[in-house]
Amino acid sequence: MRRFVLSIALAAAVLLAGCGSSAGLPPVHNATLVLDFTPNAVHAGIYSAIAHHLDRVNGLHLNVIAPSASTDSIKLLETGRVNFAILDIHDLAIARERGEGIVGIMAIVERPLAAVIAAPQIRTPAQLAGKTVGITGVPSDKAVLDSIVAGAGGDPHRLKTVTIGFNAVADLLAGKVAAATAFWNDEGVTLQRHRPGFHVFRVEHYGAPSYPELVLCATAASLRRDPALAHSIVNALVYGYAFTEIHPERSAADLEQQVPGLDPALVSAQLNALLPAFVAPDGQIGELSSSTLKSWAAWEARFGIVSRPPDVSKAFNPGLVPSIRLGGQEPLG
């Protein structure tokens, strides 16, 4: 019996049942969340939280906006124009090193999304020596590439890199590069749908710790000023992602209804690939593991993303995440 799954389903049902009436609900406060990228399957739990009024149950009217550029999210958060942001964990580390008081309060995914995707003839990252590899140009790309190649026993110094922006799919399909840094849940899934046979080398399979790639963040000042607001959004999103795990098809529909123009087949494929990444090894949704983060901090400095390991005790506040577990890695029906 999947008693852990059933307990979450019942808890979610209690929350949903209360959404039909305002009686007994807390006062609702507006809050704005900026995403890390254009809406896609990785954000499904956020849109399910809104669709099923889990934000309202927790005293929020959550407004979600997409950034117009990859750097917008952190700028909007730093300047106080949004309350919360989904940030790549590497951007959080860089911001902390600049002296910005940004704090991670919930993991959106529990493992890295970064990968190197290689042409079918490249069967191991070590074979990339002397080959041309495309990188987007973001600071973490070279670290991910070097870590994967070194972890496979190759020599990162023998790589040839070219900046291709976010054109990994087109350039790989055209044979312009032998490999490219990309996200396995996005470009990796897209390539498999277009032309199966590409190899996806995920960074945690080659020596990197299984760090949470995307993290919900707030400023330290806002956490001191209004900790209840942060607690509310974390609670809403944890239940939102629990809903996604239990009802992935309905969660995909929630996303598609609120973000017109998405390809339903691609959303479904991406979400199916992502479902295990939303849950920590112990079954927790949103978990920020201190031991994992300490390993990540050392890796972050070792591969040059930052000059010294981030202070995990200051960069993250794991105490806001409620204990919502889905029974570890057991499959969901």
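Modeller: Let's start with a term we'll need: a residue is called buried when its relative accessible area is under 20%. Keep in mind, too, that this is a predicted model.

Now take the helix pair. Two packed helices are described by the angle between their axes and the distance between the axes. Here, helix α8 (residues 184-194) packs on helix α12 (residues 264-274) at an angle of about 125 degrees, and the axes are 9 Å apart. That angle makes α8 oblique to α12. The crossing of α8 past α12 is right-handed.

Who touches whom? On the α8 side you'll find Trp184, Asn185, Asp186, Val189, Thr190 and Arg193, and on the α12 side they meet Ala265, Leu266, Ala269, Gln270, Ala273 and Leu274. Sorted by class, that contact has 7 nonpolar, 3 polar and 2 charged residues.

Let's zoom in on glutamine 270, which belongs to helix α12. Its relative accessibility is 4%, so glutamine 270 counts as buried. Leaving aside residues up to four places away in sequence, glutamine 270 touches Asn185, Asp186, Val189 and Thr190, and also Asn40 and Ala41.

Phenylalanine 278 lies in the loop between α12 and α13, and its pairing with tyrosine 241 in helix α10 (residues 227-246) links distant parts of the chain, 37 residues apart. The two form a tilted aromatic pair, 4.9 Å centre to centre with 55 degrees between the planes. Tyrosine 241 has 1% relative accessibility, so it counts as buried. Phenylalanine 278 counts as buried because its relative accessibility is 1%.

How many aromatic pairs does the count come to? It comes to 6. Another of them joins tyrosine 211 and tryptophan 299, again tilted, at 5.5 Å centre to centre and 35 degrees between the planes. This pair also links distant parts of the chain: tyrosine 211 is in the loop between β9 (199-202) and β10 (214-219), while tryptophan 299 is in helix α13 (residues 290-302), 88 residues apart. Both tyrosine 211 and tryptophan 299 are buried.

Methods. Residues numbered from 1 in each chain as written. Predicted model: local features only at pLDDT ≥ 70, side-chain atom pairs only at ≥ 80, totals over all residues. Heavy atoms only, no water. Axes fitted to C-alpha atoms, helices over the stretch in contact; angles between N-to-C directions. Helix = DSSP H or I, 4+ residues; strand = E, 2+ residues; numbered from the N terminus. Parallel < 35°, antiparallel > 145°, perpendicular 65-115°, else oblique. Left-handed = near helix turned anticlockwise from the far one by under 90°. Contact = heavy atoms within 4.5 Å. Nonpolar A, V, L, I, M, F, W, Y, C, P; charged D, E, K, R; others polar. Phe/Tyr/Trp six-rings, centres within 6.5 Å; stacked < 30°, edge-to-face > 60°. Buried < 20%, exposed > 50% of the residue type's maximum accessible area, 1.4 Å probe, protein only.
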